[in-house]
Structure formats: C-alpha cells, structure tokens
Amino acid sequence: MRVFRALLIAALTGTHLTAAYSTLVQSIIDKAKNDSIDLESQPWSTAAFQAIDDLQNSSVAVPPAVENATKIDTHVHAVPQFYLDIMPVKPGSWSIEQHLELMANLSIAHAVLSIPWPGASIYAGNQSATVALARIVNEYLGELCRVLPKQFSYVAVVPLPYVDLALREAKYALTSLGAVGIGLFTNHEGYYLGNTTLDPFFSGLNTFSSTTKKAIFVHPAMPRVPPAVKNAATVDFYWETAQAITGLTLSLTLQNYTSLDYQFSHGGGAFPSIWDRLFDQSTADFKSSSEKIYRKRLNWDSAGPVYPRQIQGLLAYDIPKKHLTYGTDFPFNIGDYAANTQGVSDASFLTSKQKEDIFRDNALEFYPKITV
C-alpha cells in the first residue's frame, strides 16, 4: 500500500503528486516520458502503479510442489486486477497465488505469461492510450518475472497496428525488461497478420538482434466481422488462427523474415483442416517451401481439448513432435485443465520421451531465455 499512503500524505500536505511515487514507479514513469508515453493521465494509472509496487514488496510463498515440478506452460495468461477492470470480456479470477496453486496441482514448474485478448487494444483507435497500456502491462509483467524468475517469464504485448511504436515497445521489452518473446494476436484492430500495413513491424523485428531467433506467440483475437452466431472462445478463435497462418503464408511474411519463429495456439486451431486446400492451386515450389517452414519454425501448443484427436490432424502433415508444446490457457477454462493435461500424458501415439519433451524440453528450445 506504499503508493496509496504516499498519495494520501501528498493530498493532505499539498505536496505535488509525482513526489508520492515510489522509486520504482517514478523510474517507470520517467522512462515512458523519454519515449513520449504518458502513463500518469490514464484511467488505470493509480491501480497499475499500486500493483507494481505490491509486486516489489510481495512475499509470495511458492508451494513445494512447484519447486519440485518439471512442466513448462507456454500458453497461459496473467490478468492483473487493473487490467481485468478494463477488459471487455473477462475470464475467471487471476492472482499470483491462484496461478501458483494451479501450477502445484498440475506439476508445472514454469509459466510463460501473456496478456489475453485484446492486449493493448482495449482503447481501439486511440494510439496514445494503446501505447501507454502496452508499456504499463510490460512493466508489470517484467517486475513479476523479476520477483519470481524461476516460476515466470513472459512474452511482451505490443501496440499494433501502430507499427513503429510497436517495434519500439518490442525492442524495449526484449532488451530492458527481460521478455522472452513477443505476443501477437491473429488480428490487431482488424489488421490481420499478413496485412502489408504490418510488414515494417515484422521486418524490423527480423533484423533486430539478427544473430538470434525471436519467439512470437500468436493468440486468437475476436473476429473483425462478428459471425451470425457468436461463439468466440470455442469456435471463432480456431478460424482466427487458421486465418493468421494463411495470411502469414500468402503474404510471404513467413518466407521473408527468417529469424522469426512462431507458436500457434490450440494446436493450430482449424488450420490442419484447410492445409491441403490452401495449396491446391499453388506452385509445387511454393507449397514445398511453405510446408518446410511449418515443420521447422512453427510450434503448436496444447491449450484446450487438443489431445488426442485434434493434434493427430496436425501430425498427419508430418509436423515434428519436437515442435509441440504444453499449455493450459489458465484462467480461461476451455475444458478441464487436468483433463487436457492428461490428454497429453495418455496419447498413445507419443513415446514417453516425446511426452516429456512436450511438457518441458520443447519449450526450452523455443524460448531459450527461460530460466528454470
């Protein structure tokens, strides 16, 4: 409650409010100002600053079951209260303690956090608000991962479709905040991945630190044009993923920017169903080169009821099992977390070693910056 007490003292004494911030929060504000980002005037600012200070002063007890666990969760969300308060579609409750309890129950040692849809685009069309929200969310996640580095890492949110500012935020999160990758959505305010408007972002990210691979986690977004029967969480999200992979392929984004690797949600969603049709009228060379990329630079997580049946549709196209990762989708309860996890464990088409790899080692290959 450091920020609240300081704000109260400032109000009673007439002290300027900026003097009330903790050293950490003031540093965050100052760095944002250097990038022409105004954090203080946002409607969520007081709650967000308090949440960050609470992290700095927290003493969360990590359950022994987490300390002794082995799994790595690559599809899971953090939803701090200041963000939950402004979300248009809300999940179940989330807290660090609840998250650690889930990890203990499922023998998860480490979670790669992302912010759920709509990411930074809650204030769609408002550039300054979108850029500010991306920055404060990244600062919060960066601080959480600093406090609990063995248990958490994160992929950064970026303020697309504002490509130059999104690229700046991606670089800042990767270099200054310790993000292990970048989180994207299948569309950002209607700009689908593969849209030429977004090309400078992918180009810039590709050349940034060109000697290392960059990990991109792609999560479904709400469709830009809502269908007649709306069921985003269970159906529409699968089509969104198929649309995004198609767009990245046909735009040559996958082919042109070779230092970018991708993880797609929910076992690729509906994409395996359209794989053959996508290449039905393409040249043999285009089909071959695209499929080579799918098998080399794309990863596919297990969030939701993916195993055993859906994932076999993907494996039918010779996707290497070393490119499969584990995910829970907590706190979005699409199916039962334990049952979905057990689906991987019970898969008769996987060897014991392949299951171990899905639960851990494949994630370490995709996210080499993870510390466990």
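**Note on helix packing and overall fold in a predicted model**

1. The crossing of helices α12 and α13 is left-handed, where a crossing is called left-handed if the near helix is turned anticlockwise from the far one by less than a right angle, and right-handed if clockwise. Helices here are DSSP runs of H or I with at least four residues, strands are E runs of at least two, and both are numbered from the N terminus. The structure is a predicted model, in which local features need pLDDT of at least 70 and side-chain atom pairs count only at pLDDT 80 or more, while totals for chains, interfaces and linings use all residues. Residues are numbered from 1 along each chain as its sequence is written, and side-chain values use heavy atoms, with hydrogens and water left out.

2. Helix α12 (residues 271–278) packs on helix α13 (residues 284–297) at an angle of about 155 degrees, with the axes 12 Å apart; the axes are lines fitted to C-alpha atoms, for helices over the stretch in contact, and angles run from 0 to 180 degrees between N-to-C directions. The two helices, α12 and α13, are therefore roughly antiparallel to each other (angles over 145 degrees count as roughly antiparallel, under 35 as roughly parallel, 65 to 115 as roughly perpendicular and the rest as oblique). F271, W275 and L278 of α12 meet E291, Y294 and R295 of α13, contact meaning heavy atoms within 4.5 Å. By class, this contact of α12 with α13 has 4 nonpolar, no polar and 2 charged residues (Ala, Val, Leu, Ile, Met, Phe, Trp, Tyr, Cys and Pro count as nonpolar, Asp, Glu, Lys and Arg as charged, and the others, Gly among them, as polar).

3. Helix α8 (residues 163–176) and helix α9 (residues 199–207) pack at about 30 degrees, with their axes 8 Å apart, and α8 and α9 are therefore roughly parallel to each other. On the α8 side the contact is made by V163, A166, L167, A170 and L174, and on the α9 side by P200, F201, G204 and L205. The contact of α8 with α9 has 8 nonpolar, 1 polar and no charged residues.

4. L148, in the loop between α7 (127–147) and β3 (152–157), is buried at a relative accessible area of 8% (buried means under 20%, exposed over 50%, partly exposed in between, with a 1.4 Å probe and protein chains only). Leaving aside residues up to four places away in sequence, L148 touches V62 and I96.

5. For the chain as a whole, the secondary structure comes to 16 helices and 10 strands, and buried residues make up 57% of the 372 residues.
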